[in-house]
Amino acid sequence: MAENKKKTIRDVSPYKTPVKEQEPQIRARNFDEVILGYNIEEARLEGSRCLQCKRPLCATGCPVGINIPAFVREIVKGDFKQAYTIITEANLFPSICGRVCPQETQCEAGCVLNKNKYEAVGIGRLERFIGDLALKESWGEFSVSRPKDIKVAIIGSGPSGLACAADLSKAGCEVVIYEALHTVGGVLIYGIPEFRLPKRIVTSEVENLRKLGVKIELNRVIGKIFTIEQLLKEKGFNAAFIGTGAGYPSPLGIPGECLNGVMSANEFLTRVNLMQGYEFPLFDTPSGMGENVVVIGCGNTAMDAARVALRMNPEKVSIIYRRSELESPARREELYHAKEEGVEFNWLTEPVEILDDGNGWVKEIGCVKTRLSEPDESGRKRAVPIENSYFVIKADTVIYALGTEANPIIRKSTAGLRTDKQGYIEVDPNTHMTSIPGVFAGGDIASDIGRFTTVIHAMKAGRKAAKAILDFCR
Amino acid sequence: MDGTNYRILKKETYSPVTYMLEVEAPDVAKASMPGQFVMVRHNERGERIPLTIADYDREKGSVTIVIQAVGKTTKDMMLLNEGDYILDFIGPLGEASHVSNLGTVIFMGGGLGIAPIYPQLRAFKKAGNRTVSIVGFRNKELVFWEERLKEYSDELIITTNDGSYGEQGLVTDPLKRLLEERKIDLVVAIGPLIMMEACAEATRDFRVKTIVSLNPIMIDGIGMCGNCRVTIDGETKFACIDGPDFDGHIVDFGELRNRQKRFITEEKTAMEQMAV
């Protein structure tokens, strides 16, 4: 390719290089990955669609600030290791983020091709390609600064904690991550299912952190086994970062919520993902689901729950949502995949009660139809129940995915830690420092973001906090 | 990995289905308070199950749990011996009991609840209360921890179903008698749901506050899944982070009994698999 001649939009295909996927009918019955990823030729072909803009809006759209044109250029050149080095200067977890980031609203939304009605460069797919290649080739030597006499405790090994730990250890700090569960990764493990993000990917990318010298202690519920005060005063930490996530499932709030067969998406996903309930009785934890599964809600967690349920071969999996498809907060790709695999959707339907089969189990869900109002002050259309529209939907399993709330363990055990009315930890938006000097917080538990955040935004918060922690400890 | 593999220091067997494990877990022991529990996952394929802490020794760095082998996991764990390891041992979890000097406190223990009353009994005794323990067994052979309970009980009443030891009858019989006879300031009941409910019913008319320790099915034990939700005075609470202690007079026991039946079929499958 002539390097010196500036490429223009007329030189490239309007379409992304297709990525291989498992066929819908097949993948709907297994837990293997849906998207199979690019090979070398496909990656270089897709990379060559990048116009190498002088002022790249893709990079400004990346929450963690990856130098996207630079790594794409290296892919085209064939220097994949250099591409990996460029990515990992900003983000140690390309295989994770390449899979779970909503690129369509971030980097790819800014792509100049996208602005010209072409499909954007498949940045997410390229990032994943590099990450996966690095894992396969066991790359993973990172430049680390001279050791500093700074010791930081990270509470929670989800995305914000991992990103914070990565930056701090690269800067030469001694870092210990305390994880409450028996596996590293937080929501990446208990929440996101195997077919979207295989556990081995999370484990391998986390392994890179350990190569950097980060110590990880499992089964430690901070606030219970040690308080934050103890970490700072007795255990010699100079600072602590709270990245515990929100985690506490929002209740359904209708009669029948405590019947058998009704569970939160958190419970269902934890049973299947973390505890490997899909392999019961080989693994001891049952999934808790039956033959006729109804998921209430239509966000990404609802999609995950529905698609996981589908893979356990029940008779039917459907979703109830009180608004219409247009208002669904789920990623378009997730909605599309769910439909393709056979999840049924009941739009404009609001559950009002769950009915008992006479033996303490779910039999039906009582629902009403809704219509959408004009947008309210928040800009969102409300779902208004239609009179006399009551009807029932049969179900033996009801999974509610209505978002999460702040987990209270840290708040209750930390005197002086200021939280907002909903229990989220208040932080300075620039430094992520809480009301306690030296204690920082980010991700879903911090009040600046609140609910419905993404993996990558949590990572951004972790990176910002890492920078502020270095300033604080200096 | 750090934070995993907890050595079993001591094992005692009290009956064909009841056994005690003293586990080396210095940090857990240091933080443990009466009324709290641990989550245990014994191996890579195991379930996470909640077990109320039956004792802790901060100097020795150990935590003691007493287990009834009623399901696959607890039967599996019964095969473990001194020197073996438990993979994951997480705690202390839940809120600690409120211990203060109230006057006369009765401790009711039945079945798997006999051991977990011990830390509360000790704490209430040390806080200056007059303590009465009432514990029930099926027969004399199954009696355990008599000496331990005696040490902190001003009175210890043992009941057996067949009358082979102590008083014949249920634990609620002496409880009712004591409620008639004297002023009781608090009752703490730990055991099977039916026993805790019976205790709460017995004390209701006497208006004696009765704390029960709820042990619903849990997965994480840290407020994430909601499996352990219980209705307390019409309000949903999570036993793992709001409890496990609750006021027995306002617990919806009927609902909880129903929820405990949720996995009967799966438990059967697991046991059949185990038998193969």
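This is a predicted model: local features need pLDDT of at least 70, side-chain atom pairs count only at pLDDT 80 or more; totals for chains, interfaces and linings use all residues.
**View 1. A parallel sheet in chain A.**
Five strands of chain A make up an open sheet. The pairing is parallel. Read across the sheet, the order is S3-S2-S1-S4-S16. Strand S3 (215-217) and strand S16 (439-441) of chain A are the edge strands, and each pairs on one side only. From one strand to the next, the twist averages 20°. In general, strands of a sheet pair through backbone hydrogen bonds, in either a parallel or an antiparallel way.

**View 2. Strands S1 and S4 of chain A.**
This view moves in on one pair from the sheet of View 1. Strand S1 of chain A covers residues 151-155, and strand S4 of chain A covers residues 239-242. The two run parallel and are joined by four bridges. Look for Ile154(A): opposite this residue stands Phe241(A) in S4(A).

Ser250(A) sits in the loop between S5 and S6 of chain A. Is Ser250(A) buried or exposed? Its relative accessible area is 5%, and buried means under 20%, so Ser250(A) counts as buried. The side chain of Ser250(A) is in polar contact with the side chain of Glu405(A). The distance for this contact is 3.4 Å.

**View 3. The interface of chain A and chain B.**
Here the two chains meet. Chain A brings 48 residues into contact with 52 residues of chain B. The size of an interface is often given as the accessible area lost when the parts come together. For chain A and chain B, about 4200 Å² is buried between them. Carbon and sulfur atoms account for 55% of that area. Which residues of chain A lose the most area to chain B? They are Lys224(A), Cys258(A) and Asp284(A), which together make up 17% of what the chain A side buries.

Several elements give two or more residues to the side of chain A that touches chain B, including strand S5 (247-249), strand S6 (262-264) and helix H17 (409-413) of chain A. Helix H14 (265-274) of chain A is also one of these elements. H14(A) gives the most to this side, with four residues. The interface also holds four salt bridges. Lys72(B) forms a salt bridge with Asp284(A). Their closest N and O atoms are 2.9 Å apart.

**View 4. Glu44(B) in a loop of chain B.**
Glu44(B) lies in the loop between strand S3 (37-41) and strand S4 (49-52) of chain B. Its relative accessible area is 54%, and exposed means over 50%, so Glu44(B) counts as exposed. What does Glu44(B) touch, not counting residues up to four places away in sequence? Its contacts are Phe283(A) and Leu87(B). Asp88(B) is 44 residues from Glu44(B) in sequence, but the two are 9.1 Å apart in space, C-alpha to C-alpha.

**View 5. An antiparallel sheet in chain B.**
Chain B has an open sheet of five strands, with antiparallel pairing. The order is S5-S6-S2-S1-S7. Its edge strands are strand S5 (55-57) and strand S7 (85-86) of chain B, each pairing on one side only. S5(B) pairs with strand S6 (residues 62-68) of chain B in the antiparallel sense, over three bridges. Within this pair, Asp55(B) stands opposite Thr64(B) in S6(B).

Note on methods:
Residues are numbered from 1 along each chain as its sequence is written. Chains are lettered from A and ligands numbered from 1 in the order in which they are written. Side-chain values use heavy atoms; hydrogens and water are left out. Two strands pair if DSSP finds at least two bridges between them. Axes are lines fitted to C-alpha atoms, for helices over the stretch in contact, and angles run from 0 to 180 degrees between N-to-C directions. Buried means under 20% relative accessible area, exposed over 50%, partly exposed in between (1.4 Å probe, protein chains only). Contact means heavy atoms within 4.5 Å. Buried area is the accessible area (1.4 Å probe) that two parts lose on being put together, summed over both. A salt bridge is a side-chain nitrogen of Lys or Arg within 4 Å of a carboxyl oxygen of Asp or Glu. A polar contact is a pair of N or O atoms within 3.5 Å; within protein, one must be able to donate a hydrogen and the other to accept it, and residues adjacent in sequence count only if both atoms are side-chain atoms.
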